[in-house]
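Here are my notes on the model you sent over, point by point. Have the structure open while you read.

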Amino acid sequence: VNGQQGWAVGNKGLYLRSTDGGKTWAEQSEAIKTKFWLRSIAFCDAQTGFIVGARGTVAKTEDGGATWNIISGFRYDTEEFGLADF
């Protein structure tokens with residue numbers, strides 16, 4: 001938690017966000033399209049952050065955590081790898 005913003009990651013791509021200093025948390029179910037464990041989250045500044053996880057998963061945000069792009073690892077909607085139904 002940093003000020004009013006907070007983030008937590010975990011099992012099967014779980015991503016939680018708080019906008020009230022950690023008093024309440026909301027799951028962001030479509031923010032990160034992976035079902036692998038997410039291990040850690042860190043922000044370089046207010047807008048840029050990274051998440052790392054199992055099987056080489058690395059995701060990056062450039063909008064304060066509102067959206068994430070997987071830059072390494074597999075997305076669950078990657079049809080060419082047969083993971084669309086993962």
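1. Let's begin with K12. This residue is exposed, because its relative accessible area is 55% and anything over 50% counts as exposed. K12 sits in the loop that links strand 1 to strand 2. Its backbone deserves a look too: phi is near 55 degrees, which is a positive value in a residue other than glycine. Keep in mind that this is a predicted model.

2. R55 isn't a glycine, yet its phi is positive, at about 60 degrees. You'll find R55 in the loop between strand 5 (49-53) and strand 6 (58-61). Is R55 buried or exposed? With a relative accessible area of 66%, R55 is exposed.

3. Now the overall layout. The protein chain has seven strands and zero helices, so reading from the N terminus you get β-β-β-β-β-β-β. Buried residues account for 31% of the 86 residues in the chain. The chain exposes about 5300 Å², and carbon and sulfur atoms supply 49% of that area. As for contacts between residues at least 6 apart in sequence, 27% of them join residues at least 24 apart.

4. Three strands form an open sheet in the order 1-2-3, and the pairing is antiparallel. As a reminder, strands of a sheet pair through backbone hydrogen bonds, either parallel or antiparallel. Strand 1 pairs with strand 2 (residues 15-18) over four bridges, in the antiparallel sense. For one of the partners, take V9: its bridge partner in strand 2 is Y15.

5. W7 belongs to strand 1 (residues 6-9). Its relative accessible area is 17%, so W7 is buried, the cut-off being under 20%. What does W7 touch, leaving aside neighbours within four places in sequence? Its contacts are N2, Y15, L16, R17, W25, I41, F43, G64 and G65. Also have a look at A42: W7 and A42 are 35 residues apart along the chain, and their C-alpha atoms are separated by 8.9 Å.

6. The aromatics come next. Searching the whole structure turns up three aromatic pairs. In one of them, Y15 and W68, the ring centres are 5.6 Å apart and the planes stand at 80 degrees, so this pair is edge-to-face. Y15 lies in strand 2, whereas W68 is in the loop between strand 6 and strand 7 (69-72), so the pair ties together parts of the chain that are 53 residues apart in sequence. Both Y15 and W68 are buried. W7 and F43 join Y15 and W68 in one aromatic cluster, and W7 is also in contact with Y15 and F43.

7. S18 is the polar residue I'd look at alongside these. S18 is found in strand 2 and counts as buried, because its relative accessibility is 0%. Where do its polar side-chain atoms go? The S18 side chain makes a polar contact with the side chain of D20, at 2.9 Å. A polar atom of the S18 side chain also lies 2.8 Å from the backbone nitrogen of G22. Not counting residues up to four places away in sequence, S18 touches Q4, Q5, G6, K23, T24 and W25. Of these, Q4 is 14 residues from S18 in sequence, with the C-alpha atoms 7.4 Å apart in space.

8. Last, the charges. How many salt bridges are there? The count comes to one salt bridge. The side chains of K60 and E62 meet in a salt bridge, with 3.4 Å from N to O. K60 counts as partly exposed, because its relative accessibility is 26%. E62, at 59% relative accessibility, counts as exposed.

Technical notes
Residues are numbered from 1 along each chain as its sequence is written. This is a predicted model: local features need pLDDT of at least 70, side-chain atom pairs count only at pLDDT 80 or more; totals for chains, interfaces and linings use all residues. Side-chain values use heavy atoms; hydrogens and water are left out. Helices (H or I, at least four residues) and strands (E, at least two) are DSSP runs, numbered from the N terminus. Buried means under 20% relative accessible area, exposed over 50%, partly exposed in between (1.4 Å probe, protein chains only). Contact means heavy atoms within 4.5 Å. Two strands pair if DSSP finds at least two bridges between them. Accessible areas come from the Shrake-Rupley method with a 1.4 Å probe; for residues, only the protein chains shown count as cover. Rings of Phe, Tyr and Trp (its six-membered ring) pair if their centres lie within 6.5 Å; planes under 30 degrees apart count as stacked, over 60 as edge-to-face and the rest as tilted. A salt bridge is a side-chain nitrogen of Lys or Arg within 4 Å of a carboxyl oxygen of Asp or Glu. A polar contact is a pair of N or O atoms within 3.5 Å; within protein, one must be able to donate a hydrogen and the other to accept it, and residues adjacent in sequence count only if both atoms are side-chain atoms.
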